[in-house]
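Subject: Structure handover

Hi,

Here is the structure we talked about. Please look through it and keep the notes below at hand.

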Amino acid sequence: MSSFIEDLIARKVFNNRGEETIEVDVVTTSGFGRASAPAGKSRGKAEVLPFPQDSVDEAIKKIEEFVAPELAGLNADSQEEIDEILHELDGCSKNFKNIGGSAAFAISLANAEAAANSHGLLMYQFLGGNSATSLPYPLGNCISGGQHATGKSPDIQEYLAFPHGAETFLEAVAANAKIHKKIGDALKEKSNTFNGGKSDEGAWIANIDTIDAFDVISKVCDDVSNELDFECGFGLDVAASSLWNAKESKYVYSNEGVKRDSGEQLEYMRELIEKYHLAYVEDPFHEEDFKSFAELTRKTRNCLICGDDLFTTNTERLNNGIRINAGNAIIIKVNQIGTLSDAARTIETAQSNGYIPVISHRSGDTCDWHIAHLAVAYKCPVIKTGVVEGTRIAKLNELIRIEHFLGNRAKMADLKIR
Ligand code: PGA
Ligand code: ZN
């Protein structure tokens, strides 16, 4: 079956925040693919630029004028070649400032889906082949703080349930849903101003202390572990770049009313990991502090120390980390780097150096489910995509379908928490 690109159509759609974004259809001679770009709120400085002149209309215009005519007639199977052409059409700007990272993302993902569809395959089968049979463990945001919340909520951006003892993906998703619900009940008891409000990612927003949030999630995870008879741990996304005040050289915890210098931050993170047996900590330090990542990684056991803003899915930045063992896990957000081939290379670099790739949604997202397929295709042992809320459920349910479809070939990823 041939999969030559016949047409590329770009349009404006909306994400879960009601912000404009771009969606692209790729039509081939025998198939079709569609993808829309997500958006971050606590974005890393090294991420590519989402839109030229901050405008979705401008991105659509560029696709229609420059990109679509160049891609017409090419074979959608040649993903790397197409992604390379996207870089060339952008003038190899490093940050996709000319066509915009969101346009590159949507074209790249829509093309991969169109190629799969042209061969009568699902995306995970096309990209991952026969060996793509393992399901990731879901990290699910239950309590929002930092830039993702309002009012007097915790300083830490995300408190994430992590049922890493589950035997199936369905079981893991059910555990996260139970934990999320019980945390809602506990918050109702704890705070008389709690009114059931949720963030963009579907996590609860409450006026509670940073430390109270630990006690709530830790107790609920213990209870649910006992009830379900498998380990439901939890972790954090500190998103420490949002706390870092460069002028003062301090992390400012305004809810706690505390400022910490780099040494104190390191000690605080180490204490939290030990006290709460954290299985996952993302961005415990600001995005340029590779050294502290290395030191925390050296000083802790049985915890994924993950870089998001630190690495921004960028191979060069990851290599800087690898050189000094900064962290042992990396967040993969394709829209941080632009194209699927760039992200795939970063995943490969991570895996060949013992780093765990954690495929991730963005806080501003659409109902696209491609990251579900990427998790299975590229053997990412962890997926971070919330617990409830439509754009999160779209991805979780797609993984449930993949697990169901794989039947007795399906297995959970081989994940050793180190
Ligand atoms: P963002 O944040 O999608 O709002 O950038 C999510 C994260 O920091 O992981
Ligand atoms: Zn993050």
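**Salt bridges**

The count of salt bridges comes to 31. Please keep in mind that this is a predicted model. Side chains of opposite charge can pair when their charged atoms come close.

Start with Glu-23 and Arg-11. Their side chains form a salt bridge, with N and O 2.7 Å apart. Glu-23 sits in strand E2 (residues 20-28) and Arg-11 in strand E1 (residues 5-14). Glu-23 is buried, at a relative accessible area of 12%. Arg-11 is partly exposed, at 27%.

Next come Lys-182 and Glu-227. Here the salt bridge has an N to O distance of 3.6 Å. Lys-182 belongs to helix H5 (residues 169-190) and Glu-227 to helix H6 (residues 210-228), so this pair ties together parts 45 residues apart in sequence. Lys-182 is partly exposed, with a relative accessible area of 30%. Glu-227 is partly exposed too, with 44%.

Glu-288 is in the loop between E11 and helix H8 (290-299), while Arg-317 is in helix H9 (residues 315-323). The pair links parts of the chain 29 residues apart. Glu-288 is partly exposed, with a relative accessible area of 48%. Arg-317 counts as buried, because its relative accessibility is 14% and the cut-off for buried is under 20%.

Now the network. Arg-11, Glu-23, Asp-25 and Arg-34 are joined into one network by salt bridges that share partners. The Glu-23 to Arg-11 bridge described above has both its residues in this network.

**The zinc ion**

Which protein residues are the donors of the zinc ion (ligand 2)? They are Asp-237 (OD), Glu-282 (OE) and Asp-308 (OD). Asp-237 is in strand E7 (residues 233-237), and Glu-282 is in strand E11 (residues 280-282). That pair links distant parts of the chain, 45 residues apart.

Are Asp-237 and Glu-282 buried or exposed? Asp-237 is buried, with a relative accessible area of 2%. Glu-282 counts as buried as well, at 0% relative accessibility.

**A negative patch**

Turn to the surface. Glu-80, Glu-84, Glu-88 and Glu-348 gather there in a patch of negative charge. Helix H2 (residues 79-89) gives the largest share, three residues. Glu-348 lies in helix H11 (residues 340-352). Glu-348 counts as exposed because its relative accessibility is 58%, and the exposed class begins over 50%.

**Positive phi angles**

Gln-53 is not a glycine, yet its phi is positive, at about 50°. Gln-53 is in the loop between strand E3 (32-36) and H1. At 63% relative accessibility, Gln-53 is exposed.

Lys-379 is not a glycine either, and its phi is about 55°. Its place is the loop between helix H12 (370-377) and strand E15 (382-384). Lys-379 is partly exposed, with a relative accessible area of 37%.

**Sequence against space**

Two pairs of C-alpha atoms are worth checking. How many Å separate the C-alpha atoms of Ala-76 and Ser-3? The separation is 5.6 Å, although the two are 73 residues apart along the chain. Ala-76 is in the loop between helix H1 (56-71) and H2. Ala-76 counts as buried, at 1% relative accessibility.

Ser-118 and His-87 are 31 residues apart in sequence. In space their C-alpha atoms are 24 Å apart. Ser-118 is in helix H3 (residues 101-118). Ser-118 is buried, with a relative accessible area of 0%.

Best wishes

Technical notes. Residues are numbered from 1 along each chain as its sequence is written. Chains are lettered from A and ligands numbered from 1 in the order in which they are written. This is a predicted model: local features need pLDDT of at least 70, side-chain atom pairs count only at pLDDT 80 or more; totals for chains, interfaces and linings use all residues. Side-chain values use heavy atoms; hydrogens and water are left out. Patches are made of residues with over 30% relative accessible area and no salt bridge: like charges are joined within 9 Å, nonpolar side chains (Val, Leu, Ile, Met, Phe, Trp, Tyr) within 5 Å. Accessible areas come from the Shrake-Rupley method with a 1.4 Å probe; for residues, only the protein chains shown count as cover. A salt bridge is a side-chain nitrogen of Lys or Arg within 4 Å of a carboxyl oxygen of Asp or Glu. Lys and Arg count as positive and Asp and Glu as negative; His and the chain ends are not counted. The place of a charge is taken as NZ of Lys, CZ of Arg, CG of Asp or CD of Glu. Helices (H or I, at least four residues) and strands (E, at least two) are DSSP runs, numbered from the N terminus. Buried means under 20% relative accessible area, exposed over 50%, partly exposed in between (1.4 Å probe, protein chains only). Donors are N, O and S atoms within 2.8 Å of the metal (3.2 Å for Na, K and Ca); water is not among the atoms, so sites may look incomplete.
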